[in-house]
Amino acid sequence: METPDVGVPPRLADRMSMAEQYDYLRTEVVRRRTLVTAGAVAGGLLTGCSGPGTGSAGPAAATSAAGPGSAVVPFGRHLAFGADPRTQMRISWQVPAAVRRPYVRVGVRPDDLGHRTDAETRDLHTPELPGVRAAVEQYYLHAALDGLLPGTTYYYGVGHEGFDPASPRHRSAIGSFRTAPASPDSFVFTAFGDQGVGEAAALNDKLLLRRKPAFHLHAGDICYANPTGRGKDSDSYDPTHWDLFMRQSEPVAGSVPWMVTTGNHDMEAWYSPDGYGGQLARFSLPDNGFDPRRTPGAYSFVYGNVGVVALDANDVSYEIPANLGHTDGRQTRWLDRTLARLREEVDFVVVFFHHCAYSTSSHASDGGVRAAWVPLFARHEVDLVINGHNHVYERTDAIKDGRVGRRVPVGASTDPTRDGIVYVTAGGGGKDLYGFPAGVRESYEGHVADEESVDTFRWTRSRLAKAETVEWSRVRYRGFSFLSVEAVAGTAPRLEVSAVASSGERIDHFEVRRGR
């Protein structure tokens, strides 16, 4: 719906960058009142937990206006690692109204939450859109726990003035998490993208929790509050959809670190020049990326013998260019340095981001990703790349120099130092499913139907779809699913990669070993 007084007119939006749209809205349309901008919400994350019972918290947190504290019930708890998963955890949650003095209680027993750490409030104001929606106020709270003990289970409760999580009436809301071990040990992590809100999304959460993952990688397009996904103010948008998502994900994200990156549907033009103000308000992610105040979806962490790198593919996407080039190449240079460092420190390097480097489904492959990052993945012998964007499960053979370096059928083993890199599209997180090119059969464990080649395309810088015929599409499954990876440590380290359908059936598995 076009409104003459609010929003960027479509004829202008098509020619404007995210930053230009933001300036237009700020100066010509909306008198915004918000505490969140891309440069404000990520600064000064609170620390002050040196381990349970070791003293008072750090500086006093900013507080919102007074609210009936006893009547305001927290929801949407979600965890994330700090830069060091052995000693740092970030606890985030939401409240439906402003509260005073939010905090987290933490302890090594559920009946002794003796340490209290103040939280900061990040208010998010979405302006009224006359005739479409009222103004929306949302309140996201964040506490940073540092100085934790490695390999330790902690219990926590979130509260504020008038609502004490340690009181008997609120004990049912006590959660827990476990820090990474001090030295490498075998563990499982899970991954998917393109989740949204609904029955299939909630079922995937429930199934992956049974895997007892050490953490979960969410490859972008998190909740679809912006269902259009072009990164423009003319996109449709409902901020309250985030409330639904936070409630849906809490049963798993409240105990499993929920490590997200940024998809095209996560660019929300109302909050900041690059559309990331909303993500900065809702999530506390590792602040060791090249520019955490502007690009929250780019960071890295090490867990056991695996180094994980998250990237913001909006920066290099040819298909959806709203933020193309917004880091002026700095993210790519940071990626090069980070991969070089991790390659010296860990057995395996896993990279995840949204837009696909190699896929044959509806969005196909993004030539911008291939041009900017695939050469770096090859140079540093990345062991596994995980994408979303296409709402299917698709897995390649090992790709080397743009073609099949080694066929990797279901159940096979591959060596990135010799064969090339396997790319996995894990886009069956819960949103409406896509398909594959006409006439191309699904092919997965128990239902193998190999294709000699598949006719597909890739996006070019001019936003044209250039046809290509590929031989690397090895596993294809059109159904809701998630990825489960066991990282095995010891004298024979390996990644045992599986894909699991919403039925619980395994649809793919393969193994990554280095230098056999």
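**Exercise 1. Is Tyr-444 buried or exposed, and what does its ring pair with?**

Step 1. Tyr-444 has a relative accessible area of 14%, so it is buried (buried is under 20% relative accessible area, exposed over 50%, partly exposed in between, with a 1.4 Å probe and protein chains only). Keep in mind that this is a predicted model, where local features need pLDDT of at least 70 and side-chain atom pairs count only at pLDDT 80 or more, while totals for chains, interfaces and linings use all residues. Residues are numbered from 1 along each chain as its sequence is written, and side-chain values use heavy atoms, with hydrogens and water left out.

Step 2. Tyr-444 and Tyr-477 make an edge-to-face aromatic pair, with 4.9 Å from centre to centre and 80° between the planes. (Rings of Phe, Tyr and Trp, the last by its six-membered ring, pair if their centres lie within 6.5 Å; planes under 30 degrees apart are stacked, over 60 edge-to-face, the rest tilted.)

Step 3. Tyr-444 is in the loop between β20 (421–426) and β21 (454–459), and Tyr-477 is in strand β23 (residues 473–477), so the pair ties together parts 33 residues apart in sequence. (Helices are DSSP runs of H or I with at least four residues, strands are E runs of at least two, and both are numbered from the N terminus.)

**Exercise 2. Count the aromatic pairs, then work through Tyr-237 and Tyr-271.**

Step 1. The count comes to 22 aromatic pairs.

Step 2. Tyr-237 and Tyr-271 form one that is edge-to-face, 6.1 Å centre to centre with 75° between the planes.

Step 3. Tyr-237 sits in the loop between β10 (215–218) and α4 (241–253), Tyr-271 in the loop between β11 (258–260) and α5 (277–282), so this pair links parts 34 residues apart in sequence.

Step 4. Both count as buried: Tyr-237 has a relative accessible area of 10%, and Tyr-271 comes out at 0%.

**Exercise 3. Which residues of the largest nonpolar core touch the most other members?**

Step 1. The core has 88 residues, and the ones to pick are Phe-215, Leu-217, Trp-242, Ile-386 and Leu-483. (A nonpolar core is a set of buried Ala, Val, Leu, Ile, Met, Phe, Trp, Tyr and Cys residues joined through side-chain atoms within 4.5 Å.)

Step 2. Take Leu-483: leaving aside neighbours within four places in sequence, its contacts include Phe-189, Ile-386, Tyr-393 and Val-497 (contact means heavy atoms within 4.5 Å).

Step 3. Another core, of 32 residues, lies apart from the largest one and has Ala-298, Leu-342, Val-454 and Val-470 among its members.

Step 4. Phe-215 also belongs to an aromatic cluster with Phe-81, Phe-187, Phe-189, Phe-301 and Tyr-303.

**Exercise 4. Where does α4 bend, and what covers its buried residues?**

Step 1. The bend is at Arg-247, about 30°, and Pro-251 follows within four residues. (The bend is the angle between axes fitted to the seven residues ending there and the seven starting there.)

Step 2. Arg-247 also has its charged end over the ring of Phe-75, 3.8 Å from the centre. (That takes NZ of Lys or CZ of Arg within 6 Å of the ring centre and within 35 degrees of the ring normal.)

Step 3. Buried residues of α4 include Trp-242, Phe-245, Met-246 and Val-252.

Step 4. Their cover includes β1 (75–81), β2 (89–95), β6 (136–145), α3, β11 and α5.
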